Amino acid sequence: MSKVKIFVDTGADMPMELAKEYDIDIINFLSVFGETSYVAGEELSNEKFYEMLLVADKLPTTSQTPPAVMYEKLYNASKEYDTVIYLTLSSKASGQYNNARLNCQQILDENPEADIRIIDTMSFSAFISETAILLRKYLNDGMDVDSAIEKSMKFLSDYDAYILVDDLKFLEMGGRITKTTAIVGGLLDIKPVLGIRNGLIEPLEKLRGKKKMFQKLAGLIADNPEYDSEAKSFYMVDSNSEYGDKMEEALKEEFDIEAVVRRYEFGPIVGTHIGNGALGVMFKKKQA
């Protein structure tokens, strides 16, 4: 069996315990508050990030992995492993994919025998993590690299997600909505529901009022004609564990399940744009 190194980046929101369990390495973005840069996931925990975000006068920014850092990780892996696979954050939202391709080409110029696969997931957060986990499982089962990549990538099209944003100010500060829309939405207690479309996070629906907000989101999934009602398979991501607990309870009640498959936490990369209190629910779609 060939030795394969799998990488994801901070945008995958993969917790360290899962990374260790499935032998997946993380290439870290930078989170920038003012003039100070932090290595997301190493120098800046999720908890610390949200504490800083709440009191920040200006929205922090995210920065790609420094090229020299990425080069070293990929180069060293290419020397030690038969194949290196890096599942990147969506290229529509970040230059990380192109950065990785440039580093890969430099490595191949020096070592043409290296086998490095840079894969643009066109996605975010737990979608990337779950794809990487499946990839590792298929490889461990003895599947060849090409087949394992093809089969694991199906997860990205098999699942959809609704992302519920609690505070509109982060979308407004990031230029996703106008200040007027944020003010009116706040007054009317409107909560936007976002989704991943064509490699970007885009508005899809709106929910009004905090009362039974989580039940309303569960109902939105149930009413979606593409939802696979036989699967009852959900993954969750949140930036507020209390909200996450309430959402999980709403899913249990609506769909008669014991628990979601796995829960994640939004880190600094996605969290910068959707803020505190956001949560996402991934659900399986009907297969054509």
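For sorting residues by class, Ala, Val, Leu, Ile, Met, Phe, Trp, Tyr, Cys and Pro count as nonpolar, Asp, Glu, Lys and Arg as charged, and the others, Gly among them, as polar. The model on your screen is a predicted one.

Begin with the largest pocket by selecting Met14, Pro15, Met16, Ile26 and Gly41, which lie nearest its centre among the 22 residues that line it. About 380 Å³ of space lies in this pocket, and its lining divides into ten nonpolar, six polar and six charged residues. Colour helix H1 (16-21), strand E2 (24-27) and strand E12 (262-265) next, as each of them supplies at least two residues of that lining.

Which elements supply at least two residues each to the lining of the cavity? They are helix H5 (125-140), strand E8 (159-164) and strand E13 (279-284), and H5 gives the most, with three residues.

Finally, select H5 by itself and follow its 16 residues, which reach 23 Å from the first C-alpha to the last, close to the 22 Å expected at 1.5 Å a residue. H5 is mostly covered, with 13 of its 16 residues buried, and the helix is followed by Gly142, whose phi is positive, near 95°.

Note on methods: Residues are numbered from 1 along each chain as its sequence is written. This is a predicted model: local features need pLDDT of at least 70, side-chain atom pairs count only at pLDDT 80 or more; totals for chains, interfaces and linings use all residues. Side-chain values use heavy atoms; hydrogens and water are left out. Helices (H or I, at least four residues) and strands (E, at least two) are DSSP runs, numbered from the N terminus. The expected span of a helix is 1.5 Å times one less than its number of residues. Buried means under 20% relative accessible area, exposed over 50%, partly exposed in between (1.4 Å probe, protein chains only). On a 1 Å grid over the protein atoms alone, a cavity is a set of points where a 1.4 Å probe fits but cannot get out, and a pocket is an open set with protein on both sides within 12 Å along at least five of seven lines; lining residues have an atom within 4 Å of a point. Grid points are joined across faces, edges and corners, and a volume is the space filled by probe spheres set on the points.
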